[in-house]
Amino acid sequence: MSRPSVSTGTSTGTDTNSSTGAATPPPRTVSLLLRGEVERPVSLTVADLRERWQQHRADVVFHCASAGPRHHTFEGPLLREVVDSAKPAFDARRRKDRSRFLLAVTGGDGHHTVLSWAEMDADFGNVPILLATTMDGQSLESAGSQLVVPSDRCGARYISAITSVWIGGVAVGGLTVGDATDSDATTDLRQPMRATPT
């Protein structure tokens, strides 16, 4: 795994534009907040995502409504591994408990999407969903991480400049799915499903 180069000189945090002599502000760093029903909420930059987790590669083709097929190569950690490190509030030994959890991903432009934990869980869909740190070989350090769902034909869930990943359990008819009995489920599933962010 590559590491960023380290300068041995001192720095004031700004560079000087050689043509104007004016100070150039350092590049902005976009971070995402991992929050919700987790034991360890945390704010992560693209550099954190690159340095703390194994990077995976995904060569994808998805269809954009306005531009047609788009071909890109992304690299980044698995979303499942990043979220798992925050200790989601489910019993990891119980598949039914894990399967009731959802993730809401929000981007810097206000777009958001919802995923289920089961989509990426190895016992269920096992989709290698990424929090991309590079796109087509270019770092996303200043742009922010991008959600990559390789199994999707449409690009609507490719959320860019991620600012928040929320995870939580779904309640059905006032009961959490994991607590409902078979008889409860028959009645309660008629009620609208709701997920309440914390």
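The exercises below concern a predicted model.

Residues are numbered from 1 along each chain as its sequence is written.

**Exercise 1.** Determine where Pro88 lies and whether Pro88 is buried or exposed.

*Solution.* Step 1: Pro88 belongs to the loop between α2 (79-85) and α3 (95-99); helices are DSSP runs of H or I with at least four residues, strands are runs of E with at least two, and both are numbered from the N terminus. Step 2: the relative accessible area of Pro88 is 9%. Buried means under 20%, exposed over 50%, and partly exposed in between (1.4 Å probe, protein chains only). Pro88 is therefore buried.

**Exercise 2.** Identify the residues that Pro88 touches, not counting residues up to four places away in sequence.

*Solution.* Step 1: contact means heavy atoms within 4.5 Å. Step 2: Pro88 touches Glu37, Val38, Val83 and Ile167. Step 3: Val38 is 50 residues from Pro88 along the chain, yet their C-alpha atoms are separated by 4.2 Å.

**Exercise 3.** Describe how β5 and β6 are arranged.

*Solution.* Step 1: two strands pair if DSSP finds at least two bridges between them. Step 2: β5 (residues 56-64) and β6 (residues 68-76) pair in the antiparallel sense, over 9 bridges. Step 3: Arg57 has Glu75 in β6 as its bridge partner. Step 4: the two strands β5 and β6 form a hairpin, with 3 residues between them.

Methods
Predicted model: local features only at pLDDT ≥ 70, side-chain atom pairs only at ≥ 80, totals over all residues. Heavy atoms only, no water.
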